[in-house]
Every structure is written in C-alpha cells, then in structure tokens.
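Morning, everyone. I will talk about aromatic rings today, and about how they pair up. Please have a look at the structure first.

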Amino acid sequence: MDQELTSRTDQDQKFKNILSKFKASVESMLGSPKELKEAADEGSTEAMMAYSYILYKGRGVTIDKNEAFKYAKMAADSGEVRCITNYCAMLQENLDEGDNLQVLTRYSKLAADKDDIVALKHYAYFLYTGQGTPVDKLESLKYYQIIADKGDALAARNCLIIIDEEKLIDRKARQYLRYAKMGSDLGDPECQYRRGAIYADGDLVEQDLPKAAELFQLSAEKGFLDAKYKYGLFLYEGYGIEENQEKSLQWIKKASDEGHHRASIKYANIILYEKNEEEKDKIEFALNLLKEEADQGFTEAMIIYHDYI
C-alpha cells in the first residue's frame with residue numbers, strides 16, 4: 001500500500017487562522033491609514049503589519065496588494081516571528097501569483113528555524129514534496145523530528161514514512177522505534193500498525209506476537225486498512241491471539257472490500273480452500289476476485305486461480 005505524508009490542508013488553515021487573529025488586533029489599533037503609513041515608514045513593525053493588512057483587505061483604503069505585500073515583507077524582514085508568519089499567511093492566500101510559493105518556502109524556513117510550529121509543518125512538507133524548494137527528504141525528516149518531539153502524532157508518523165521510504169531503518173533503527181512508540185502511544189493508527197509490524201517481524205526488537213496482535217487490533221478498529229488485513233490474518237492463524245476464523249473473515253473481507261489486494265487474495269483462497277460445493281455462488285465470487293487481482297499482475301492470485309480452474 002502506498003504511503004503518503006499528511007495533507008497540507010490543515011496546515012494551510014492554520015496560516016489562514018493567523019490572518020483572522022491578526023485582523024482582530026489590527027482593528028483594535030488606533031490611527032488613520034495615513035498615520036499608520038507614517039509610523040510604518042519610520043520603522044514600526046506593528047504599523048507595518050497593520051498598514052499591510054488594511055491595504056490587503058481594503059479597510060478604509062483602496063485595495064493595493066502590491067503595497068500590502070511590500071509592507072508585510074518589511075515587517076517580516078525585521079525577524080519577528082509573528083511578522084514572518086503574517087507574511088506567510090498572505091503569501092499562502094496568493095500562491096498562484098508570481099514566485100509566491102518560493103517566497104513562502106523561504107520565509108517558512110525563517111519562522112521554522114525560530115521554532116514556530118505552523119511554519120515547521122509547512123517547511124517540512126515543502127522539503128518532502130519539493131514545493132518551492134528542491135526535494136530533500138532527509139532535511140524534511142529533521143524538521144518532522146522537531147515537530148514530533150513536541151508531541152505531534154502526525155509528525156511522528158511522517159518520520160516513520162520517510163525513514164521507511166528512504167530505506168534508513170537499519171541506520172535509524174533507534175529513531176524508528178522511538179517514533180513508532182510515540183505515535184502509537186498518542187493514538188495514531190498508522191504508528192500503531194507500524195509498531196505492531198515491528199513486534200511481528202522481530203528484526204528490531206524481540207518478536208512479540210501477542211503485542212503485535214494487540215497493536216494491529218487497535219489500528220484496525222481505527223480504520224487503518226493494512227491493519228484490518230493483518231489483524232484478520234492473525235485471528236485466522238492464531239498468531240499471538242486465540243484463533244477465531246469467523247471474526248478473521250470479517251476483518252479480511254473488510255480490507256478486501258476497501259481494495260487491499262493481499263486481503264482479497266487471502267479471502268478468495270480461504271473460500272476456495274474451505275469450499276462447500278453447494279455454495280457455488282461463493283466459489284464464483286472467490287474466482288472472480290482472484291481473476292481481478294491476477295489481471296492486475298499479482299502473481300499469487302494468478303497461481304491460485306489457474307491451479308483451481
């Protein structure tokens with residue numbers, strides 16, 4: 001199953017929330033647009049931010065985004081985190097214009113290096129996807145580790161994904177174990193699944209099938225697809241848990257119905273292995289399921305299908 005990093009949607013919303021909060025502070029400030037401009041030109045970062053906002057939104061003045069961005073950038077270049085994040089929020093709303101994505105990436109790094117959590121998440125994601133900057137997954141991992149160490153389950157998950165994708169588990173086994181436990185303890189279903197796989201494989205820690213089964217169950221009950229299959233398989237084989245074929249088939253079928261290829265093959269194989277010649281509809285269903293998987297290139301499905309027919 002392909003793994004993907006957490007979507008940036010929630011992070012984008014947080015940048016938008018910055019603008020909303022800033023709106024309230026601006027509207028509470030005294031002074032006319034002219035006075036704000038004069039104060040901004042004299043170096044007041046508060047005035048720069050306020051003046052950029054009223055230009056951006058057209059509050060008491062004609063909308064002038066170019067001037068708004070100019071003053072927002074002036075404030076951001078002061079190095080104050082709140083000024084940088086405000087500028088990033090404006091850039092975020094205008095990504096289709098010019099080189100705003102590259103500028104957003106650059107200023108997100110400035111705020112991230114000052115430990116701003118929203119910027120940290122954005123910059124880590126930009127590095128991973130190559131948005132506004134060259135792809136650098138190892139650097140992305142560094143920033144996700146910073147976020148994870150603040151108790152963020154999604155960041156812990158992203159650390160595991162990058163370590164896995166970049167084939168770094170042998171080199172970073174300690175970190176992999178740490179973030180699997182952290183994310184699992186925080187209730188993230190993918191971290192629970194990955195930690196269960198660690199105990200099931202027995203490569204990084206001593207094999208513990210009961211613990212693996214427990215973690216697969218937690219993850220499956222939260223809807224993680226791979227865990228539904230694995231938990232069903234453990235129930236079917238009695239790995240670290242009491243064998244329960246009825247319950248097993250329910251979980252494996254759930255995974256199959258949601259498109260899990262190995263679950264589909266296993267479910268079809270179980271039906272054919274335990275076939276009752278009077279249940280021809282089930283046999284036909286299993287064969288059709290195998291043929292679908294075989295047609296997609298799954299060798300195991302091809303073998304089972306051709307052996308049976």
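This is a predicted model: local features need pLDDT of at least 70, side-chain atom pairs count only at pLDDT 80 or more; totals for chains, interfaces and linings use all residues.

A search of the whole structure finds 11 aromatic pairs. One of them joins Phe216 and Phe234. The arrangement is edge-to-face, with 5.2 Å from centre to centre and 85° between the planes.

Where do these two rings sit? Phe216 is in helix H12, residues 209-221, and Phe234 is in helix H13, residues 225-237. The two parts are 18 residues apart in sequence, so the pair ties them together. Are the two residues buried or exposed? Phe216 is buried, at 0% relative accessible area. Phe234 is buried as well, at 5%.

Next, a pair between Tyr231 and Trp251. This pair is also edge-to-face: the centres are 5.6 Å apart and the planes make an angle of 70°. Tyr231 lies in helix H13, while Trp251 lies in helix H14, residues 245-257. Here the parts are 20 residues apart in sequence, so again the pair ties them together. Tyr231 is buried, with a relative accessible area of 2%. Trp251 counts as buried too, at 11%.

Now the cluster. Which residues form it? They are Tyr193, Phe216, Phe224, Phe234 and Tyr239.

Last, the charge. Lys254 has its charged end over the ring of Trp251. The distance to the ring centre is 4.2 Å. Trp251 is the residue that also pairs with Tyr231.

How values were computed:
Residues are numbered from 1 along each chain as its sequence is written. Side-chain values use heavy atoms; hydrogens and water are left out. Rings of Phe, Tyr and Trp (its six-membered ring) pair if their centres lie within 6.5 Å; planes under 30 degrees apart count as stacked, over 60 as edge-to-face and the rest as tilted. Helices (H or I, at least four residues) and strands (E, at least two) are DSSP runs, numbered from the N terminus. Buried means under 20% relative accessible area, exposed over 50%, partly exposed in between (1.4 Å probe, protein chains only). A charge sits over a ring if NZ of Lys or CZ of Arg is within 6 Å of the ring centre and within 35 degrees of the ring normal.
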